[in-house]
Amino acid sequence: MSPPRNPRRAYDANGNEIPPVTVGQSLAEGYRTVMAYCEAHNCGHGAEVPLKGWSADLPVPHMALRLRCSKCGGRRIRMMVNVTELYARAHGAGRTGR
Ligand SMILES: [Zn+2]
């Protein structure tokens, strides 16, 4: 029997828990913001949330617990990597290797 799953955690194909990235780790990776998306039906509002000001050891998914949708007031928020920022970094100048 496997232990009950925490819906705020990610699991790999074998059911092992993947530790969530923390605010501090994201900042160290070069991110300055994350995206927060409202999961309310018919809303889907998305907003950039600056990582600055959050405690460094806070797991990024837990930021959702303290956020509220600015459009509908909903509290079901999903945190995502800011893909715009990711894209800019992946295609930015100064990237070496490959
Ligand atoms: Zn909303």
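Mentor: Start with a proline. Pro20 is found in the loop between strand S2 (17-18) and H1. Keep in mind that this is a predicted model.

Trainee: Is Pro20 buried or exposed?
Mentor: Pro20 counts as buried, at 18% relative accessibility. The cut-off for buried is under 20%.

Trainee: What is Pro20 in contact with, leaving aside its neighbours within four places in sequence?
Mentor: Its contacts are Arg9, Gln25, Pro59 and Pro61. Val60 also belongs in the picture: its C-alpha is 7.0 Å from that of Pro20, although the two are 40 residues apart in sequence.

Trainee: And Thr22, where is that?
Mentor: Thr22 lies in the loop between S2 and H1. Thr22 is buried too, with a relative accessible area of 17%.

Trainee: Moving into the helix, what about Ser26?
Mentor: Ser26 lies in helix H1, which covers residues 23-29. Ser26 is buried, with a relative accessible area of 6%. Not counting residues up to four places away, Ser26 touches Val21, Tyr31, Leu51 and Val60.

Trainee: Let me zoom out. How many helices and strands does the chain have?
Mentor: The protein chain has 2 helices and 5 strands. From the N terminus on, they run β-β-α-β-β-β-α.

Trainee: How much of the chain is buried?
Mentor: Of its 98 residues, 27% count as buried. The accessible surface comes to about 7300 Å², and carbon and sulfur atoms make up 52% of that.

Trainee: What holds strands together in a sheet, in general?
Mentor: Strands of a sheet pair through backbone hydrogen bonds, either parallel or antiparallel.

Trainee: How many bridges join S3 to S5?
Mentor: There are 5 bridges between S3 and S5. Met35 has Met80 in S5 as its bridge partner, and Ala36 stands opposite Met79 in S5.

Trainee: And on the S4 side?
Mentor: S3 and S4 are also joined by 5 bridges. Thr33 has Pro50 in S4 as its bridge partner.

Trainee: How many residues of S3 are buried?
Mentor: S3 is mostly covered, with 5 of its 6 residues buried.

Trainee: Change of topic: which residues are the protein donors of the zinc ion?
Mentor: The donors are Cys38, Cys43, Cys69 and Cys72, each through its SG atom, at 2.2 to 2.4 Å from the zinc ion. Their spacing in sequence is C-x4-C-x25-C-x2-C. Cys38 is in strand S3 (residues 33-38) and Cys72 is in the loop between strand S4 (46-50) and strand S5 (77-81), so this pair ties together parts that are 34 residues apart in sequence.

Trainee: Why is the arrangement around the zinc ion called tetrahedral?
Mentor: Because the 4 donor atoms subtend angles of 103 to 115 degrees. For four donors, the label requires all angles to lie between 85 and 135 degrees. The ideal angle for four tetrahedral donors is 109.5 degrees.

Trainee: Last one. What is the phi of Asn42?
Mentor: Asn42 has a positive phi of about 65 degrees, although it is not a glycine. Most residues other than glycine have a negative phi. Asn42 is in the loop between S3 and S4, and it is exposed, with a relative accessible area of 74%.

Methods:
Residues are numbered from 1 along each chain as its sequence is written. This is a predicted model: local features need pLDDT of at least 70, side-chain atom pairs count only at pLDDT 80 or more; totals for chains, interfaces and linings use all residues. Side-chain values use heavy atoms; hydrogens and water are left out. Donors are N, O and S atoms within 2.8 Å of the metal (3.2 Å for Na, K and Ca); water is not among the atoms, so sites may look incomplete. Four donors count as tetrahedral if all angles lie between 85 and 135 degrees; four count as square planar and six as octahedral if opposite donors are over 155 degrees apart and all others between 65 and 115; anything else is irregular. Helices (H or I, at least four residues) and strands (E, at least two) are DSSP runs, numbered from the N terminus. Buried means under 20% relative accessible area, exposed over 50%, partly exposed in between (1.4 Å probe, protein chains only). Accessible areas come from the Shrake-Rupley method with a 1.4 Å probe; for residues, only the protein chains shown count as cover. Two strands pair if DSSP finds at least two bridges between them. Contact means heavy atoms within 4.5 Å.
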